[in-house]
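Subject: Handover of a structure and findings

Dear colleague,

Please find below the structure I am handing over to you.

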Amino acid sequence: MSASRYDAIIVGGGHNGLVTAAYLASARKKVLVLEKRHVLGGAAVTEEINPGFKYSVCSYVVSLLRPEIIRDLELPKHGLQILPLESTFTPLPNGDYLARWGDHDQTRREIYRHSPRDADAYDDFGKLMYQLAVAVKPILAMVPPDPTSMSPKDLMGFLRLGKHFRGLGHEQFHALHKLMTMSSADYLDEWFETEALKATMSSSGIIGTFLGPRSPGTAYVLLHHYMGEIDGAMRAWGFVKGGTGSVSESIASAAREHGAEILTEAGVAQVAVKNGKATGVVLDDGREYTASVVVSGLDPKRTFLDLVDANSLPDDFVRDIERFKIRGSSGKVNLSLSELPNFTSKPGVGPLHKGAVSISPSIDYLERAYDEAKYGDFSSRPYMDIIMPSMIDAGMAPPGKHVMSIFVQYAPSDLRGGWDETKREAFGDAVVDTLAQYAPNLPEAILHRQVLTPWDIDRDMGLTDGNIFHGELSLHQLFCMRPTVGHADYTTPVRGYYQAGSGTHPGGGVTGASGRLAALKILKEAL
Amino acid sequence: MLRTTPFHSRIAPLNLAQNWRRWSGYLAASAYEFHHNREYWAIRNSAAMIDVSPLYKYGIEGPDAERLLDRVVTRDVTKCELHQVFYTPWCDDDGKVMDDGTLTRLADDSFRLTSAEPNLRWLQDNALGMNVGIRDISDDLAALALQGPNARRILHDAADGAADDLRFFRLTKGEIGGVPVEITRTGYTGDLGYEIWTDPANAEALWDGLMEAGDKHRILPAGMLALDVARVEAGLILISVDYVPAHQAVIEGRKSSPFELGLGWTVKLGGNWFVGRDALIAEKERGPEWEFRGLDVSWDSLEALYGEVGLPPQLPSEGWRTSVPVYSGNTQVGYATSGCWSPLLKKYIALAHIQSQYAGIGTNLRVEVTVEHYRKKAAARVVETQFFNPERKRSNPSVADEVPA
């Protein structure tokens with residue numbers, strides 16, 4: 001038994017939980033963070049699994065880390081540095097490639113090489129998406145109102161939204177409607193004719209979802225990609241020096257500076273609830289802590305179905321959470337390399353190695369990869385998003401050596417017959433074999449390989465079914481539906497119990513937005 | 001590396017300060033000498049050669065070529081004669097300007113369109129159901145502007161008199177430096193001038209031919225800095241500086257109609273339907289909200305403002321391209337988008353967007369100037385945009401009549 005009583009206990013030291021902790025601590029609240037693993041960060045961790053080689057084990061780029069969080073918590077002072085990752089290189093099976101470089105003229109010339117028409121369309125498309133991102137972005141920083149509520153606060157929220165959308169021109173409104181309803185393949189078909197361009201652009205619409213580029217609803221996720229563009233040079237998009245774990249470390253450092261206590265190897269077994277109110281937590285090892293407020297940074301399944309006794313929750317709420325879609329669809333392969341991959345379509349070491357490499361030669365290729373997953377297999381020829389962190393930050397690998405981060409889709413969480421170690425390695429082999437078609441020197445260059453399937457991500461990182469976004473980013477699970485209507489405002493049916501993970505609005509990615517909005521909500525109404 | 005133009009082997013060694021800038025993905029010389037002053041005076045006093053190859057160029061050919069262009073641009077293309085050149089903007093459906101360029105009729109069913117921004121997709125989309133071929137010939141055509149009072153004489157020598165009688169905004173064909181060229185009497189300086197078009201493979205021969213013939217007429221290669229001053233004096237608008245192309249404008253307020261850019265004379269509402277025509281008819285009826293005008297900044301006012309801090313007026317020697325507020329009294333009624341000190345007119349001039357009710361010629365307004373870190377307002381008079389418009393730009397004396405320089 002501990003004598004300490006806290007204002008708030010944060011369950012889970014992932015980046016969102018840490019953001020909540022830092023905001024609460026900076027408001028002079030007594031805060032305790034409890035992390036099950038030996039390292040902080042959850043899915044935003046850097047680990048040196050092969051000595052000398054640092055892997056951003058799961059999340060490998062930051063796309064939309066909220067600039068206000070970076071400013072509020074003074075993260076650069078705590079070591080955060082986001083380095084640019086400007087290009088995307090798509091090698092093609094026919095020996096050619098498609099690249100989008102950091103420079104506009106260079107990208108235009110490259111797209112023009114594939115289709116003069118697409119080169120023009122690319123700019124027009126970019127402008128429209130920019131306009132839509134500007135229109136949609138304020139929603140990301142807003143606590144979702146409850147559409148079923150008649151409270152003045154919720155009604156005002158919807159009124160503000162309505163006004164906002166009335167300001168859109170008809171062209172933008174039409175486009176937004178299409179984005180909300182169409183598949184990314186169909187939507188991009190309206191603009192472009194180059195297969196590799198469509199496929200590479202559509203990939204941002206399928207990452208983390210159990211959907212293919214031809215599934216309706218995927219177009220909307222394309223828009224998320226453009227959100228990061230709005231701030232222009234100020235955007236918080238890129239590779240984090242020291243790996244993604246540095247995001248978590250810098251936030252934890254800010255939280256500690258404000259007095260938060262952070263414990264690792266402290267897994268929470270249960271949230272204590274008395275008379276419909278959360279009173280504290282019980283750890284796996286029996287330790288107990290009490291607090292006025294308990295905040296879960298875990299996904300909705302774990303937050304409600306594992307941590308809380310079902311009797312403390314309304315039946316229909318439990319059913320909503322059970323229905324919440326959280327299928328894992330992706331895996332991760334991290335490699336230590338003796339040399340960089342040498343792409344046959346653009347031999348040698350060049351700028352492409354400092355950017356992303358995308359294995360997405362055509363929409364058909366991606367859809368076929370999805371087809372296999374749809375029926376319970378992992379993709380034998382998967383979609384991959386690859387970066388070589390050691391080319392951006394020399395500290396990630398010993399001098400002259402390299403690390404490679406490969407995001408792989410699809411790897412269904414409910415693999416036919418279930419995942420085991422043999423299947424995991426077979427999945428790893430499929431990844432390496434596929435890459436070897438474009439860079440034949442790769443297999444020989446591998447010094448160490450780490451393969452993560454949804455099974456591993458669930459077990460090791462505590463993300464249910466290995467879903468990287470704490471629940472799919474499909475339209476029926478966004479905004480006031482995330483994770484469920486009535487509790488999209490970071491509250492739960494249990495008084496004093498809050499949620500702050502990516503399973504809440506605005507959802508997945510290393511944004512910290514959920515953690516921040518949850519902290520603001522808690523400060524406003526509970527502490 | 002940025003792309004280089006077909007003249008690069010000739011212009012690179014001449015660029016003494018390695019002073020380059022970007023133009024549509026190409027390297028373009030900002031100035032060849034350490035200061036652009038002599039290059040400017042070549043445009044106004046002898047002749048300057050300016051590499052304008054980075055322009056976008058489209059070849060439009062086929063039975064419906066005239067129909068397509070008549071549908072796209074604001075001018076009446078049916079009136080464009082063989083070997084005539086039209087300067088014209090084109091608009092989106094709302095009558096907002098997307099781009100501006102020159103249109104040349106090369107044959108009954110063949111045209112060439114130049115533009116500042118890519119337009120392939122726009123042309124293709126407008127050609128739906130038409131029997132017309134649209135080719136991006138940007139890389140297939142090297143272009144050189146020969147501008148200045150001695151330009152005709154240089155061409156007389158270089159092209160064996162082929163362009164002696166070439167009228168303003170017309171095209172002729174000839175040979176320079178042993179290679180076939182097309183010559184149009186067009187330019188971006190507001191002076192007597194020509195633009196010469198040839199296959200990129202012939203670019204170096206063309207350059208050498210003109211330099212050789214031009215030597216005794218004091219020909220000089222000129223860069224963008226000199227051109228920028230000349231075009232402001234001539235009141236010629238520049239895309240993405242004086243106006244935002246409609247299809248790139250993120251907000252409505254950034255778009256401009258031809259009437260608002262001083263291009264009302266190019267809008268032929270009496271002819272066939274063209275993109276934006278309905279909106280432009282409506283706008284013409286109610287009158288445009290903005291006018292595009294020249295501002296003649298009062299020297300006395302500048303002297304007084306600088307005098308307050310004990311300095312004579314200090315004005316930039318290069319043209320500027322930033323937005324500068326324009327006031328009536330203390331109310332902002334517009335903004336200048338380009339300006340320069342005119343070395344020829346000895347005037348500080350600017351091109352500005354002015355709300356219509358303040359845009360009458362002769363209206364006294366005030367323009368912001370920064371004097372020793374403090375923002376002041378200098379008196380300026382609203383004038384026509386063509387600050388400099390010499391007779392020789394359009395006139396056609398025979399070469400023999402011209403007094404040698």
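Between them, chain A and chain B of this predicted model bury about 1,500 Å², and 41% of that area lies on carbon and sulfur atoms. On the side of chain A, the residues that lose the most area to chain B are Arg109(A), Arg117(A) and Lys127(A), which together account for 37% of what that side buries. The contact draws 14 residues from chain A and 19 residues from chain B.

Polar interactions across this interface were also examined. Twelve residue pairs are in polar contact between chain A and chain B, with both partners at pLDDT 80 or more. The number of salt bridges between the two chains is four. Asp124(A), for example, forms a salt bridge with Arg121(B), with the closest N and O atoms 3.2 Å apart. On the side of chain A that touches chain B, α3 (104-114) and α4 (116-140) each supply at least two residues. Helix α4(A) gives the most to that side, namely eight residues. Sorted by class, the side of chain A that touches chain B comprises five nonpolar, one polar and eight charged residues.

I turn next to the nonpolar cores. The largest has 108 residues, among which Tyr187(A), Leu223(A) and Ile406(A) touch the most other members. Its largest share, eleven residues, comes from α4(A). Leaving aside residues up to four places away in sequence, Tyr187(A) touches Phe125(A), Leu128(A), Met129(A), Ala175(A), Lys178(A), Leu179(A), Met182(A), Ala219(A) and Leu222(A). There is also a second, separate core of 42 residues, which includes Ile50(B), Leu227(B), Phe259(B) and Phe292(B).

Over all chains, the whole structure contains 56 salt bridges. One of the residues touched by Tyr187(A), Lys178(A), meets Glu190(A) in a salt bridge at 3.0 Å, N to O. Lys178(A) sits in helix α6 (residues 170-181) of chain A, while Glu190(A) lies in the loop between α7 (184-189) and α8 (195-206), twelve residues apart. How accessible are the two partners? Lys178(A) counts as partly exposed, at 24% relative accessibility, and Glu190(A) is partly exposed as well, with a relative accessible area of 39%.

A further salt bridge, at 3.0 Å from N to O, joins the side chains of Glu472(A) and Arg327(A). This pair links parts of the chain that are 145 residues apart: Glu472(A) belongs to the loop between α16 (454-461) and β18 (497-499) of chain A, and Arg327(A) to the loop between α12 (315-323) and β13 (330-337) of chain A. Glu472(A) counts as buried because its relative accessible area is 2%, whereas Arg327(A) is partly exposed at 31%.

Chain A also holds a network of salt bridges that links Arg424(A), Glu425(A), Asp429(A), Arg449(A), Asp456(A), Arg459(A) and Asp460(A). In chain B, Arg38(B) forms a salt bridge with Glu33(B), the closest N and O atoms being 2.8 Å apart.

Finally, I draw your attention to Arg185(B), which is found in the loop between β11 (179-184) and β12 (193-198) of chain B. Arg185(B) is buried, its relative accessible area being 0%. Its side chain reaches two backbone oxygens: that of Leu166(B) at 3.0 Å, and that of Lys393(B) at 2.8 Å.

Yours sincerely

Note on methods:
Residues numbered from 1 in each chain as written. Chains lettered and ligands numbered in written order. Predicted model: local features only at pLDDT ≥ 70, side-chain atom pairs only at ≥ 80, totals over all residues. Heavy atoms only, no water. Helix = DSSP H or I, 4+ residues; strand = E, 2+ residues; numbered from the N terminus. Buried < 20%, exposed > 50% of the residue type's maximum accessible area, 1.4 Å probe, protein only. Polar contact = N/O pair within 3.5 Å; in protein donor to acceptor, adjacent residues only side chain to side chain. Contact = heavy atoms within 4.5 Å. Buried area = accessible area lost by both parts, 1.4 Å probe. Nonpolar A, V, L, I, M, F, W, Y, C, P; charged D, E, K, R; others polar. Core = buried A, V, L, I, M, F, W, Y, C linked by side-chain atoms within 4.5 Å.
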